[in-house]
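Subject: Structure handover

Hello,

Here is the structure for you to look over. My notes come after it.

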Amino acid sequence: MDELNNIFFSCRKDMKKIIEKLKEDVHYLRLGSKFTASFLSKMNIKCYGTFLPMMEIANITIIDNMNISIQPWDRSIISNIDKAIIDANLGFMPTNKGDSIHINLPIITEEERKNLIKKVKMQIEHAKVLIRNIRKKSNQNIKKLKISEDLLKSGEIRIQKITIEYIKEVDNFLKNKEIEILKI
């Protein structure tokens, strides 16, 4: 029975990781300056012979919803920051002002919002596939156990309930994200 509980625990843990990864990935879709600033702060910049997160080498300031300013503490690395932002292909061009970098985020049109929703839906579907794969793996692990047919069936039913719970969580996340994207 402990082996069965371990399978349930592992199933929940793996599905939770998928949802956390999904939320992290979707969070970085460009929806305004606070999301972009959050993404930029974690972006790795090549400087001093290594890669460092931007938040460790520069001050990122949100001027308003459509403008961000990046002021590196060492002016000699400003070109590295500029190049990293361009190479990341984020849908905007930074403006190097010598001592700082200014980013003017373009206004998101209705068509771009619909495309963002499509991207989110693709990521949601991928997450659902991964959750179903975990269900399959968990059911296979249950079948490998030397347990009675009744315990086997109840274990599969419980795995299915866990799967439904996490699929609903993914669907709710999609509904909330669609509302957020359309409301911007």
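Below is what was found, starting with the ground rules.

This is a predicted model, in which local features need pLDDT of at least 70 and side-chain atom pairs count only at pLDDT 80 or more, while totals for chains, interfaces and linings use all residues. Residues are numbered from 1 along each chain as its sequence is written, and side-chain values use heavy atoms, with hydrogens and water left out.

Domains

The chain is assigned two domains: domain 1 covers 1–29 + 109–183, and domain 2 covers 33–104. The bounds come from an automatic or database domain assignment. Their C-alpha centres are 34 Å apart.

Cores

The largest nonpolar core holds 28 residues. A nonpolar core here is a set of buried Ala, Val, Leu, Ile, Met, Phe, Trp, Tyr and Cys residues joined through side-chain atoms within 4.5 Å. Buried means under 20% relative accessible area, exposed over 50%, and partly exposed in between (1.4 Å probe, protein chains only). Met15, Leu22, Ile124, Ile131 and Ile142 have the most contacts inside this core. Helix 1 (2–27), helix 5 (110–144) and helix 6 (149–183) are the elements that each give it two or more residues. Helices (H or I, at least four residues) and strands (E, at least two) are DSSP runs, numbered from the N terminus.

A second, separate core has 19 residues, including Ala37, Ile70, Phe92 and Leu105.

Back to methionine 15. Leaving out residues up to four places away in sequence, methionine 15 touches Ile131, Ile134, Arg135, Ile162, Thr163 and Tyr166. Contact means heavy atoms within 4.5 Å.

Strands

Strand 3 (residues 58–64) and strand 4 (residues 67–72) run antiparallel, joined by six bridges. Two strands pair if DSSP finds at least two bridges between them. These two strands form a hairpin, with two residues between them. Asparagine 59 has glutamine 71 of strand 4 as its bridge partner.

Strand 4 is also antiparallel to strand 6 (residues 101–104), through four bridges. There, isoleucine 68 stands opposite isoleucine 103. Five of the six residues of strand 4 are buried, so the strand is largely enclosed by the rest of the structure.

Strand 5 (residues 94–96) pairs with strand 6 over three bridges, again antiparallel. Asparagine 96 is partnered by isoleucine 101 in strand 6. The hairpin of strand 5 and strand 6 has four residues between the strands, and glycine 98 in it takes a positive phi near 90°.

Helix 4

Which residues are buried in helix 4 (residues 78–87)? They are Ile78, Ile81, Asp82, Ala84 and Ile85. Seen down the helix axis, they fall within an arc of 165°, so they line one face of helix 4. The arc is that of the directions from the helix axis to the C-beta atoms. Exposed Lys83 and Asp87 sit on the face turned away from the buried side. Asparagine 89 follows helix 4 and has a positive phi, near 50°.

Most residues other than glycine have a negative phi. Tyrosine 48 is not a glycine, yet its phi is positive, about 55°. Tyrosine 48 lies in the loop between strand 1 (44–47) and strand 2 (50–53), and is exposed at 53% relative accessible area.

Aspartate 2, in helix 1, is exposed too, with a relative accessible area of 62%. Aspartate 2 and cysteine 47 are 45 residues apart in sequence and 51 Å apart in space, C-alpha to C-alpha.

Best regards
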